[in-house]
Amino acid sequence: MLTIKNLHVKLEEEDKVILKGVDLTVDDGKVHAIMGPNGSGKSTLSYVLSGRDGYEVTDGTAELDGADLLAMEPEERAAAGLFLAFQYPVEIPGVGNMTFLRTAVNAQRKARGEPELSAADFLKEVRAKAKSLKIDAEMLKRPVNVGFSGGEKKRNEILQMAMLEPKMCILDETDSGLDVDAMKLVAEGVNALRGKGRSFLVITHYQRLLDHIQPDVVHIMADGRIVKTGGPELALEVETNGYAGILEETA
Amino acid sequence: MGVPQAKLDATQARLAALSLPKGANWAAVARQDALSRVQAMGLPGRRDEYWKYTNPATLVQPDAPPAAVLETREPPIFAEIDRLKIVFVDGVFDAAASDDLDRSGLEIELLTDATSTDIHWARDLYGVLEARGQSPVHRPLAALNSAFANQGVVIRVTGAAACPVSLVYLRRSENSDAVIHHVIRVEEGADLTLLEDGPASARFNQVIEVDVADGGSFHHVRAQGRDHERRAATHIFARLGRESTFKSFTLSVNGALTRNEAVIELTGDNAVAHVAGAAVGDGDFHHDDTVFVTHDAVACESRQVFKKVLRNGATGVFQGKILVKADAQKTDGYQISQSLLLDEDAQFLAKPELEIYADDVACSHGSTSGAIDEDALFYLRSRGVPQAQAQDLLVLAFLAEAIDEIEDPSIAADILSRLDGWLKRHHH
Ligand SMILES: Nc1ncnc2c1ncn2[C@@H]1O[C@H](COP(=O)(O)OP(=O)(O)OP(=O)(O)O)[C@@H](O)[C@H]1O
Ligand SMILES: [Mg+2]
């Protein structure tokens with residue numbers, strides 16, 4: 001599904017290298033987790049994969065099902081099936097959440113040569129999915145993320161993911177800011193989408209989310225590299241001992 | 001207070017090209033008075049403080065600079081709205097293209113007819129509101145209009161008008177130099193919606209005088225023609241009675257030069273006045289909104305909401321003032337002017353002013369100038385919305401506060417589709 005090889009990334013504006021050779025392969029239907037200290041480059045990796053400005057790839061490749069992600073515009077990556085749930089979802093005053101969702105769904109369908117979803121079908125689907133995430137209709141009418149609480153913003157990200165049905169979902173700290181019940185809702189949302197044809201890369205600091213979303217593989221990222229890869233037990237080790245031990249043994 | 005020689009010369013040169021229309025005695029007096037005002041003030045010049053950001057030269061020079069007539073297949077705006085259509089071609093009333101004025105149920109007459117009648121209600125307003133609006137700031141182009149206009153309509157509404165009156169300004173000539181003057185009286189408790197659209201002429205000088213009596217309401221929505229080379233100086237002078245409502249919205253799409261002035265006097269308690277504008281310009285576009293709202297009664301509300309989207313050398317200007325007189329307690333005044341600069345060549349010049357002599361008032365104003373929010377743009381694109389479409393969404397979001405001032409949803413939808421057309425034509 002997702003194949004990243006030797007990815008090196010620096011900031012465009014300054015000589016700061018952030019990713020120093022990331023290698024990562026996520027197979028179809030798998031859930032991978034990435035943990036790692038603050039500032040190790042986890043969000044940067046997710047931004048570079050989704051095509052945000054401001055970064056320069058100096059070496060390496062990233063492919064989604066064999067297609068060169070790095071050569072595509074952000075909207076092309078989305079249409080190809082990539083989705084990023086932002087660590088900090090953006091507020092867009094003046095653009096209604098519904099309008100936004102519908103524009104996005106139909107733009108992707110159009111890019112893939114599929115027919116647009118009718119207004120009625122769209123509404124039905126959005127209502128059902130919002131309900132399962134306990135997002136009330138009032139929130140859907142408001143401008144995108146404006147005045148949403150931290151947890152509401154995160155749930156809104158998962159709603160977008162559920163509507164867009166991407167192949168490769170990157171969740172950047174979707175659990176931060178969520179209360180215990182909301183975390184369960186989000187995990188249920190993710191688990192409902194799990195299966196063949198869809199993979200996940202879940203960035204998190206806490207084992208708690210991984211109790212609900214069982215990962216197949218766990219990676220530890222430090223200083224711009226994946227320094228250790230293992231099974232779910234690796235997350236438990238981080239939870240009890242922190243990163244110190246792991247970083248020492250890999251240094 | 002002497003008028004500088006250069007200004008006198010420019011004024012004389014312009015006046016030499018014009019002659020006062022014939023009419024009834026009262027009209028002749030009103031026009032002569034207006035002419036005297038012009039001569040006393042002189043026409044606007046580059047040195048005038050009120051024209052600091054907009055060069056009036058082409059509005060003042062004797063002949064209109066020629067403007068190519070735009071060929072467009074865009075369907076006419078407001079076409080689906082049930083309306084009484086009054087058509088002017090190059091500034092001249094076209095009876096054949098217009099609806100039957102007698103059928104309207106309103107009192108509508110042509111200005112030529114009204115000003116030829118010895119006794120007419122319009123005599124209390126023609127040039128009168130314009131003259132009131134000459135203080136504290138001079139507006140000589142409006143006085144010039146009152147002196148020489150011979151085209152326009154006078155409308156008196158006594159109940160709720162059955163449908164909007166729609167003034168359509170077509171243009172066929174590259175050199176037309178139209179002067180149009182409308183007078184509108186909304187009687188107590190009456191209600192009128194006025195629509196305007198079209199480029200009018202190569203150069204357009206327009207005055208609308210609106211007198212809204214107690215409890216009356218007046219809604220105005222204007223889509224200024226998108227001909228690239230046209231020039232326009234428009235003035236709306238409004239006087240509002242007790243508990244009356246005045247709402248005016250203007251969409252300006254291109255045009256080499258536009259100066260829209262609104263001069264609004266709240267003279268009765270609890271009156272409400274909203275003036276709003278959305279202007280979008282690409283390239284050779286200079287757009288100036290100049291607004292002066294005077295609160296002269298208790299507990300009135302005024303809002304000024306102006307938004308401009310500019311790119312590729314376009315210039316936006318906003319001069320907005322709220323004057324609150326000493327007796328105008330409990331005034332609620334709001335003013336916002338914002339520009340969205342789509343590139344580094346565009347510029348926005350704003351002069352927001354508050355002048356307050358009452359002590360129990362709530363007035364706020366703000367002016368900003370900014371670029372597209374890159375984070376929002378990326379967020380939209382990351383969801384699959386193509387760049388151009390994402391930018392359009394953000395532009396429309398930026399303009400929303402101004403467009404929200406249009407109360408009628410079908411009229412707002414027409415304005416939005418005009419904007420959509422502009423956005424699609426201007427994807428770079
Ligand atoms: N645009 C930028 N300008 C300056 N520094 C940046 C920029 N983007 C990232 N960085 C720096 O790059 C490093 C990696 O940041 P990144 O956000 O990827 O870390 P992270 O692993 O997601 O951290 P966290 O766990 O705190 O979310 C940090 O030191 C950060 O300050
Ligand atoms: Mg991060």
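Aromatic pairs, then. A search of the whole structure, which is a predicted model, gives 11 of them over all chains. Take Phe86(A) and Tyr379(B): the ring centres are 4.9 Å apart and the planes stand at 70°, so this pair is edge-to-face. The cut-off for that class is over 60 degrees. The pair crosses between chains. On one side, Phe86(A) sits in the loop between strand S6 (82-85) and strand S7 (92-96) of chain A. On the other, Tyr379(B) belongs to helix H7 (residues 374-382) of chain B. Both Phe86(A) and Tyr379(B) are buried.

Tyr379(B) also pairs with Phe100(A), and here the rings are stacked, with 5.8 Å from centre to centre and 20° between the planes. Phe100(A) is in helix H3 (residues 97-111) of chain A while Tyr379(B) is in helix H7 of chain B, so this pair too joins two chains. Phe100(A) is buried, as is Tyr379(B).

Which residues make up the cluster linked by ring pairs? They are Tyr47(A), Tyr55(A), Phe86(A), Phe100(A), Phe378(B) and Tyr379(B). One of these, Tyr47(A), has Arg52(A) over its face, at 4.3 Å from the ring centre. In chain B, Lys307(B) lies over the face of Phe398(B), 4.9 Å from the ring centre.

Next, helix packing in chain A. Helix H4 (residues 119-132) packs against helix H6 (residues 150-164) at an angle of about 135°, and the axes are 10 Å apart. At that angle H4(A) is oblique to H6(A). The crossing is right-handed. Which residues of H4(A) meet H6(A)? Phe122(A), Glu125(A), Val126(A), Lys129(A) and Ala130(A) do, and on the H6(A) side they meet Leu159(A), Ala162(A) and Met163(A).

Last, some backbone points. Lys134(A) is not a glycine, yet has a positive phi of about 55°. Its place is the loop between H4 and helix H5 (137-141) of chain A. Is Lys134(A) buried or exposed? Its relative accessibility is 60%, so Lys134(A) counts as exposed.

In chain B, Glu243(B) also has a positive phi, near 50°, and is a residue other than glycine. Glu243(B) is in the loop between strand S10 (231-240) and strand S11 (245-253) of chain B. With 47% relative accessibility, Glu243(B) counts as partly exposed.

Finally, there is a cis peptide bond from Ser135(B) to Pro136(B), with omega near 5°. Pro136(B) is in the loop between helix H5 (128-132) and helix H6 (140-148) of chain B.

How values were computed:
Residues numbered from 1 in each chain as written. Chains lettered and ligands numbered in written order. Predicted model: local features only at pLDDT ≥ 70, side-chain atom pairs only at ≥ 80, totals over all residues. Heavy atoms only, no water. Phe/Tyr/Trp six-rings, centres within 6.5 Å; stacked < 30°, edge-to-face > 60°. Helix = DSSP H or I, 4+ residues; strand = E, 2+ residues; numbered from the N terminus. Buried < 20%, exposed > 50% of the residue type's maximum accessible area, 1.4 Å probe, protein only. Lys NZ or Arg CZ within 6 Å of the ring centre and 35° of its normal. Axes fitted to C-alpha atoms, helices over the stretch in contact; angles between N-to-C directions. Parallel < 35°, antiparallel > 145°, perpendicular 65-115°, else oblique. Left-handed = near helix turned anticlockwise from the far one by under 90°. Contact = heavy atoms within 4.5 Å.
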